[in-house]
Amino acid sequence: WRATFVLVTLASVVLALWVLRAVPDFPGQAPGQRAGALQVLRTPGVAVVLLVILAWVLGHNILYTYIVPLLAAAGMAAAGLAADPGLVLLTFGLAALLGIVVVGLWVDRHLRLLVLLSLAGFALATLALGQEAPTPGWVHVSVALWGLTYGGAPTLLQTACADAAGEGGDVAQSMLVTVWNSAIALGGVAGGLLLSGSGVGAFGSVVLVMIALAGILAWSGRR
């Protein structure tokens, strides 16, 4: 953990120095010019984006927070891989990096399409992970698809939120962070309740409901 701490600290310092050197210092808004939270929330599209974030990130964190029991239920324990989920998480991370690149290339031209494709891919990955006794290779393919579709989610959703909010983008981004962190916490709570109640087998159904809700909102909010 010490090496991890050193790397994280070093990365934080490098990032802070880069921001000080490279990011322009744009003038801010006077307090009287800044839109209020309720005003921004009533801006068409902002509430829809926030609800998509809540559903998507909540569903993701139900699976991600409890990845070890999820892998064990998928039969990875028999292959000796569930005790050390590092390889599976490495697959997820590498796929997520690829997802970031793909979204970065296309987000300005195909924002809504990328959101819908990402949700569809997440749904397929969830269904695949819920199959009985999948092979380790199948689990890795499913996790790779999951990572690919989630890696670009922050870019997609932040872009959608900023586009919808317009001049109220700063306030909307603060809302986005609040909703995102709340969804992470709720995902942990929901996953824990499911795990102690119905078990891992209930994860797939609940997550698919969250994905469907996010997809319906994204589709219906196309205007």
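**Exercise 1.** Determine whether Leu213 is buried, partly exposed or exposed.

*Solution.* Step 1: Leu213 is located in helix H10; helices are DSSP runs of H or I with at least four residues, numbered from the N terminus. Step 2: recall the classes, in which buried means under 20% relative accessible area, exposed over 50%, and partly exposed in between (1.4 Å probe, protein chains only). Step 3: the relative accessible area of Leu213 is 40%, so Leu213 is partly exposed.

The structure is a predicted model, in which local features need pLDDT of at least 70, side-chain atom pairs count only at pLDDT 80 or more, and totals for chains, interfaces and linings use all residues. Residues are numbered from 1 along each chain as its sequence is written, and side-chain values use heavy atoms, with hydrogens and water left out.

**Exercise 2.** State how confident the prediction is, and where confidence is lowest and highest.

*Solution.* Step 1: pLDDT is the predictor's confidence in each residue, from 0 to 100. Step 2: the protein averages a pLDDT of 89, and 91% of the residues score at least 70. Step 3: the lowest confidence belongs to helix H4 (residues 67-73), with a mean of 85, and the highest to H3, at 96.

**Exercise 3.** Check whether the length of helix H9 (residues 169-196) agrees with its number of residues.

*Solution.* Step 1: the expected span of a helix is 1.5 Å times one less than its number of residues. Step 2: H9 has 28 residues and should therefore span 40 Å. Step 3: the end C-alpha atoms of H9 are 40 Å apart, which agrees. For H3, the 20 residues should span 28 Å, and the end C-alpha atoms are 27 Å apart, which also agrees.

**Exercise 4.** Identify buried residues of H9 and the helices against which they pack.

*Solution.* Step 1: the buried residues of H9 include Val171, Met175, Trp180 and Gly187. Step 2: the buried residues of H9 pack against helices H2 (37-41), H3 (46-65), H7 (136-151), H8 (153-165) and H10 (203-220).

**Exercise 5.** Describe the surroundings of Gly215.

*Solution.* Step 1: Gly215 lies in helix H10. Step 2: leaving aside residues up to four places away in sequence, Gly215 touches Leu116 and Leu119; contact means heavy atoms within 4.5 Å. Step 3: Gly215 and Leu51 are 164 residues apart in sequence, whereas their C-alpha atoms are 11 Å apart in space.

Key: Helix = DSSP H or I, 4+ residues; strand = E, 2+ residues; numbered from the N terminus.
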